Amino acid sequence: MSRFGRGVLGVLLVLFLGTFNVWAADKILKMSTTTSTQASGLLDVLLPELEKDTGIKVKVIAKGTGAALRDGMDGNVDVILVHAKDREMKFIEQGYGTKRYAVMHNDFIIIGPPADPAGLKGSSQAVAAFNKLAATKSRFVSRGDDSGTHTKEQSIWEKTGLTMETKTTVIEKKGKKRKITFTHPHGLGNWYWSIGQGMGKTLTLADEKQAYTMTDRGTFIKYKFGREVPIELVVLCQGDPTLANPYGVIPIDPQMHPHVKYELAKEFAEWLVSARAQTVISNYRLLGKQLFYGDATAQ
Amino acid sequence: MDLLIDSFISAIGLVVSMDAEMVAIIGVSLKVSCVSTALASMIGVPLGFGIAFGRFAGKRMTITVLNTMLALPTVVIGLFVYAFISRRGIFGPLDLLYTQDAIIIGQVILIIPVIAAFTVAAISRIDERYRQTARTLGANRHQTAWVVFREARFGIVAAIVAAFGRVISEIGISMMLGGNIRGFTRTMTTAMALEYDKGSFVLAVALGIVLLGLSFGMNLLFHFFQGRVQSQ
């Protein structure tokens, strides 16, 4: 190799190592989370505080809970913040995550057209409300996207005692079989509309067709009070303990995916359950309404 | 690579076993696409024929506008139709939004320019002497038109095949006007987008295989008809 060639190589090497060091010095964390945390605006308040305290920057990828968990399983991210407790515990059992930190909760509500043909108004029993919807065959829009909200909705339908139709899809991945189940009452495509899309789209579609749906309170407040043309749908059923919606943060296990930034993820999770972050969470107001309740202080 | 290979193997299994849900989704796609192609042909072919055969002021401008409309994005059509058939829109009371009919309306608008423009091209390709010969042999205007139409028939069929290929693979209109409702307005393309969002790829890959197969078949047909045009 000529001296010139060696010189060029040397310069390239220095440049390469230089950029590498810059990357390594930055405390950047990749997190998959549910659309609700981002859409509610909480992360916009929380993450700047995090950076002030710890210097950690978080790259947020907002998806449904199913997709967020999948990102964690594939090692695409360092940490996940989701809301489907049973699936989170399973995620840890299978060795993908190290520990679930209980961060906060908000709640789900059942909403519908102001005319309320199924007569749910003032109800605080989710299961009874769903039974009424099925009995009157009132149009109900389901997320149907394997998200945390969809998981919760399915668990309520299962408690109604109605005959459920279930379809299980088995995905084979690295020799392990993973099941995805989809449960719904009879009437799919008729009165029960499963649209496979995000919460915002579900709300506008339900409003457009004057249908019932189940939503997290944050997205509802945004669409009801935060828009020039608000949706007409109103809250009809709330306050049932089964409608509580707990969020957990889980660092990805470095034994499963050695490339993840476990130390940073752990620092981030511990910061989220610290008194300081908990105050930020509980003080957060969306259009004057409290959305999230810190869970860590009570433990 | 594991992800791709695993999904691909499971997907082949799904295609071979004719999974009920997959078949239902393909059924919705085919039904909607066939109806919209048929309706658009009934409008687009006479339109293209009229433009190509007629003599009127602004003919070249009309053809330019038609060719421009070939590039109409599906989301733009989706948006406009949405504004008309939304509950707060003019045709709101018809309750059309998020039905198969809504998708068909959007798709018809999408491919009328395709069919009309290709028909114009097919007819322009016919030698002017056909027309003159027919006239000298004593054919009237209608008979002359029929002769030209018969000569251009393969080109017109090719136009319809191309239009079908466009609607079966589009997603913007199906998603915005159909709403991706399972067992009702879920098409191959919207189902694929959904499965991606869920993080489960098998059904998406399976539908992708079927869609590619259909497109391949359509292209074979298209080239067959184009070959017939050129060999004339």
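**Interfaces and helix packing in the predicted model**

The contact between the chains takes 25 residues from chain A and 20 residues from chain B, two residues being in contact if their C-beta atoms, placed from the backbone, lie within 7 Å. The model is predicted, so that local features need pLDDT of at least 70 and side-chain atom pairs count only at pLDDT 80 or more, whereas totals for chains, interfaces and linings use all residues. Residues are numbered from 1 along each chain as its sequence is written, and chains are lettered from A and ligands numbered from 1 in the order in which they are written.

On the side of chain A that touches chain B, two or more residues are given by each of α4 (65-73), β6 (164-173), β8 (192-194) and α8 (199-208) of chain A, where helices (H or I, at least four residues) and strands (E, at least two) are DSSP runs numbered from the N terminus. β6(A) gives the most to this side, with 5 residues.

Chain A is divided into domain 1 (3-105 + 247-294) and domain 2 (107-244), with bounds from an automatic or database domain assignment. In chain A, 17 residues of domain 1 are in contact with 17 residues of domain 2. On the domain 1 side of this contact, α2 (35-39) and α4 of chain A each supply at least two residues, and the largest share, 3 residues, comes from α2(A).

Regarding helix packing, Val45(A), Leu46(A), Glu49(A) and Asp53(A) in α3(A) meet Arg276(A), Ala277(A), Val280(A) and Ile281(A) in α11(A).
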